[in-house]
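User: I am new to this structure and would like to learn how to read its features. Please take me through them one at a time.

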Amino acid sequence: MASSTPSASPPAAKEGYPQLSTSRPVAASTEGVIPINYTDPPDHTRLRRALIKEFTVARVQSLQPMIAAVVDALIDGMLEAGPPLDLQSRFALAVPTSVILAMLGIAYDEHGFFHERAGLVVSTNLDSALARQAQPDIRARMREILREKEKNPEAHDDLMERLIREQIRPGNLSHEEACSLLQSLVIAGHETTASIIGLGMLLLLRNPEIDRRLRDETSTKTAEQAVEEMLRYWSTTNFVAFRVALEDVGFRGVTIRAGEGILPQVVAANHDPAVFTRLPKRMPTLRLAIPFGEVEFKRGYLTHGLHALPVTWQADCGSTGAEGTR
Ligand code: HEM
């Protein structure tokens, strides 16, 4: 999302921009093509238009059977493996990774490669050499896959093939711009969703009465509201929407001068007591396998999340198949 006001613009690689750590500018280097979320119109409009058809409500809803099958297969795998296990790696991360790779038309075998590098890109306390290689590695692999798909872009009708047919070939997007967009998708599709699934599960495991209410609820509307609320409560993408003021802007009695960096704190807005007055509330014998105090929260990342979420349950209380997905 680029800036919606003309008075602030995404920072890209602006000199002197306040950085969260010394490794960030290195991790954020982009090989000459500015990522979609750092662009302003008209580039942003053109880049966004190239993807808009892929994320319509109807298109995303059409993915539901594929996502349900992924979720079922992962639950089957966990039940087969038996307790205890790490729900963060086995489920919270595996769901978005499987979905984004399937959408792009990339084999799941590559998940380790992409996941490791996506994690480095959003980390704030890295060795610079590691940080420096993450984006170029993803871009290079994207180039190879795109070149392969360009030989026959009708083979699977996946997102990458549609991008080739509808955007690259007609000249709306350069090859490198397409690689950059794909890179953004694969990075954005990893940590964000994995974090909220893990943290959402932690919230349910800590609040059995909310969990019970959601299990008993037949309306999908309630589940949708619960997800929205979890996103607000955890505010996982607190540090992503950085901007630079293009002109002097007044905000609650403070003047932000042109050229100054703006690091909006999403978590503060999402927990503004003037707007949000309560937390809405919402799995059978699933529970934390370790004391809460031992849960490892991530420190030093752009996204707030968990390193691991060890859970356990009574082995005879799990269910297999589609009924376990709701
Ligand atoms: C819970 C999950 C997610 C959260 C909380 C989240 C949050 C955000 C936020 C806050 C931004 C704005 C960044 C800015 O303005 O600088 C953003 C942008 C973006 N996100 Fe996500 N995201 C999530 C999942 C995803 C997924 C799964 C994808 C792709 C498959 C994705 C793709 C993008 C893209 C392409 C942009 C840039 C859009 C633009 O500049 O117009 N996100 N996301």
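Analyst: Start with handedness: a crossing of two helices is right-handed if the near helix is turned clockwise from the far one by less than a right angle, and left-handed if anticlockwise. In this model, which is predicted, the crossing of α4 and α6 is right-handed.

User: At what angle do α4 and α6 pack, and how far apart are their axes?

Analyst: Helix α4 covers residues 64–81 and helix α6 covers residues 94–104; they pack at an angle of about 140°, with their axes 10 Å apart. That angle makes α4 oblique to α6.

User: Which residues make the contact of α4 with α6?

Analyst: From α4 come Met66, Ile67, Val70, Val71 and Leu74, and from α6 come Ala94, Val95, Ser98, Val99 and Ala102. By type, the residues of this contact divide into 9 nonpolar, 1 polar and no charged.

User: Which residues of α6 are buried?

Analyst: A residue counts as buried if 20 or more other C-beta atoms lie within 10 Å of its own. In α6 the buried residues are Ala94, Pro96, Thr97, Ile100, Leu101, Met103 and Leu104. What covers them includes α4, α5 (87–92), α7 (111–121), α9 (159–168), α10 (175–188) and α11. After α6 comes Gly105, with a positive phi near 85°.

User: What share of the protein chain is buried, and how many helices and strands does the chain have?

Analyst: Buried residues make up 28% of the 326 residues in the protein chain. The secondary structure comes to 14 helices and 10 strands.

User: How do α11 and α13 pack?

Analyst: Helix α11 (residues 191–206) packs with helix α13 (residues 220–234) at an angle of about 100°, and their axes are 10 Å apart. With that angle, α11 is roughly perpendicular to α13. The contact is made by Ile196, Leu199, Gly200 and Leu203 of α11, together with Met230, Leu231 and Trp234 of α13. These residues divide into 6 nonpolar, 1 polar and no charged.

User: Now strands. What holds the strands of a sheet together?

Analyst: Strands of a sheet pair through backbone hydrogen bonds, either parallel or antiparallel. Here an open sheet of 3 strands has the order β2-β10-β7, and the pairing is antiparallel. The strands β2 (85–86) and β7 (287–288) stand at the edges, each with a single partner strand, so one side of each is left without a neighbour in the sheet.

User: How many bridges join β2 to β10?

Analyst: There are 2 bridges between β2 and β10, which spans residues 310–312, and these strands run antiparallel. Asp86 stands opposite Pro310 in β10.

User: How far is Pro310 from Pro291 in space?

Analyst: The C-alpha atoms of Pro291 and Pro310 are 9.7 Å apart, while in sequence the two residues are 19 residues apart. Pro291 sits in the loop between β7 and β8 (296–297). Pro291 is exposed, with 7 other C-beta atoms within 10 Å.

User: Which peptide bonds of the backbone are cis?

Analyst: Pro42 belongs to the loop between α1 (24–27) and α2 (43–52). The peptide bond from Pro83 to Pro84 is also cis, and its omega is near -10°. Pro84 lies in the loop between α4 and β2.

User: Where does a residue other than glycine have a positive phi?

Analyst: Asp157 is one of them, with phi near 55°. Asp157 is placed in the loop between α8 (128–150) and α9, and it is exposed, with 10 other C-beta atoms within 10 Å. Arg252 is not a glycine and has a positive phi of about 45°. Arg252 lies in the loop between β4 (249–251) and β5 (254–256). With 4 other C-beta atoms within 10 Å, Arg252 is exposed.

How values were computed
Residues are numbered from 1 along each chain as its sequence is written. This is a predicted model: local features need pLDDT of at least 70, side-chain atom pairs count only at pLDDT 80 or more; totals for chains, interfaces and linings use all residues. Two strands pair if DSSP finds at least two bridges between them. Helices (H or I, at least four residues) and strands (E, at least two) are DSSP runs, numbered from the N terminus. Axes are lines fitted to C-alpha atoms, for helices over the stretch in contact, and angles run from 0 to 180 degrees between N-to-C directions. Angles under 35 degrees count as roughly parallel, over 145 as roughly antiparallel, 65 to 115 as roughly perpendicular and the rest as oblique. Two residues are in contact if their C-beta atoms, placed from the backbone, lie within 7 Å. Ala, Val, Leu, Ile, Met, Phe, Trp, Tyr, Cys and Pro count as nonpolar, Asp, Glu, Lys and Arg as charged, and the others, Gly among them, as polar. A residue is buried if 20 or more other C-beta atoms lie within 10 Å of its own, exposed if 12 or fewer, and partly exposed in between; C-beta atoms are placed from the backbone.
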